[in-house]
Amino acid sequence: MWNLPNLLTVCRFFLIPVYLLVFEAGYVRSAFFVLLLAGMTDVLDGYIARKKKLVTQLGSMLDPLADKMMMITVILSLVWSRMISWEAALAMFLRDAGMIVGSAIFHFRGKQTVPANAMGKLTTVLYYVAILLIIFQLPYANAYLWFVIIVSFVTSTIYAFQFYFLNKPEDKVAVEPQKPNI
């Protein structure tokens with residue numbers, strides 16, 4: 001159950017308060033690099049888990065939870081500092097909170113969870129780029145953020161369909177007993 005990829009995931013949970021401390025101390029750009037470090041541990045734990053065949057159900061649940069909690073923390077820090085609008089923050093928060101709550105409910109009901117896919121990973125990368133643009137106050141940062149928010153909702157819809165088909169009950173087809181030929 002506990003292996004190197006899962007421990008790296010747990011490290012991301014510990015990077016959340018580090019990010020907050022650095023951000024709140026006024027080192028906003030340095031806080032971005034803490035976020036980047038968290039992102040690198042995400043890539044590393046996924047690589048090790050797949051390469052060494054260490055993928056676990058616990059890791060499949062904790063990994064996206066760590067990502068979502070870090071992203072929610074970043075969202076709250078950016079809206080608190082007025083770097084993004086509360087509307088953008090609300091949209092991002094509702095999507096991530098929905099993913100966390102839904103995943104936890106289904107996990108504890110014994111349903112299979114959907115592992116991260118290419119669209120989910122792309123969405124994460126796009127969010128990192130949006131945060132970079134916002135923190136470094138680059139042009140079109142907020143317009144790009146809204147684009148990423150739309151992509152994230154599309155990705156969530158894809159995950160919902162994948163979850164449904166992964167956990168869909170088998171259709172029971174009634175079979176008529178055959179009459180013996182006499």
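**Close-up 1. Residues where helix 2 meets helix 5 in this predicted model**. Helix 2 brings Val-28, Arg-29, Phe-32, Leu-35, Leu-36, Ala-38, Gly-39 and Arg-50. Helix 5 brings Lys-121, Tyr-128, Ile-131, Leu-132 and Ile-135. Contact means heavy atoms within 4.5 Å. The residues of this contact divide into nine nonpolar, one polar and three charged. Nonpolar covers Ala, Val, Leu, Ile, Met, Phe, Trp, Tyr, Cys and Pro; charged covers Asp, Glu, Lys and Arg; polar covers the others, Gly among them. Helices are DSSP runs (H or I, at least four residues), numbered from the N terminus.

**Close-up 2. The packing of helix 2 and helix 5**. Helix 2 spans residues 28–51, and helix 5 spans residues 118–135. They pack at about 165 degrees, axes 10 Å apart. Helix 2 is therefore roughly antiparallel to helix 5 (angles over 145 degrees count as such). Their crossing is left-handed: the near helix is turned anticlockwise from the far one by less than a right angle. Axes are lines fitted to C-alpha atoms over the stretch in contact, and angles run from 0 to 180 degrees between N-to-C directions.

**Close-up 3. The packing of helix 4 and helix 6**. Helix 4 (residues 86–108) packs on helix 6 (residues 141–167) at about 20 degrees, axes 10 Å apart. So helix 4 is roughly parallel to helix 6 (under 35 degrees). The crossing is left-handed. Contact residues include Met-92 and Phe-106 of helix 4, and Trp-146 and Phe-163 of helix 6.

**Notes.** Residues are numbered from 1 along each chain. Local features need pLDDT of at least 70, side-chain atom pairs count only at pLDDT 80 or more, totals for chains, interfaces and linings use all residues, and side-chain values use heavy atoms, without hydrogens and water.

Conventions: Helix = DSSP H or I, 4+ residues; strand = E, 2+ residues; numbered from the N terminus. Parallel < 35°, antiparallel > 145°, perpendicular 65-115°, else oblique.
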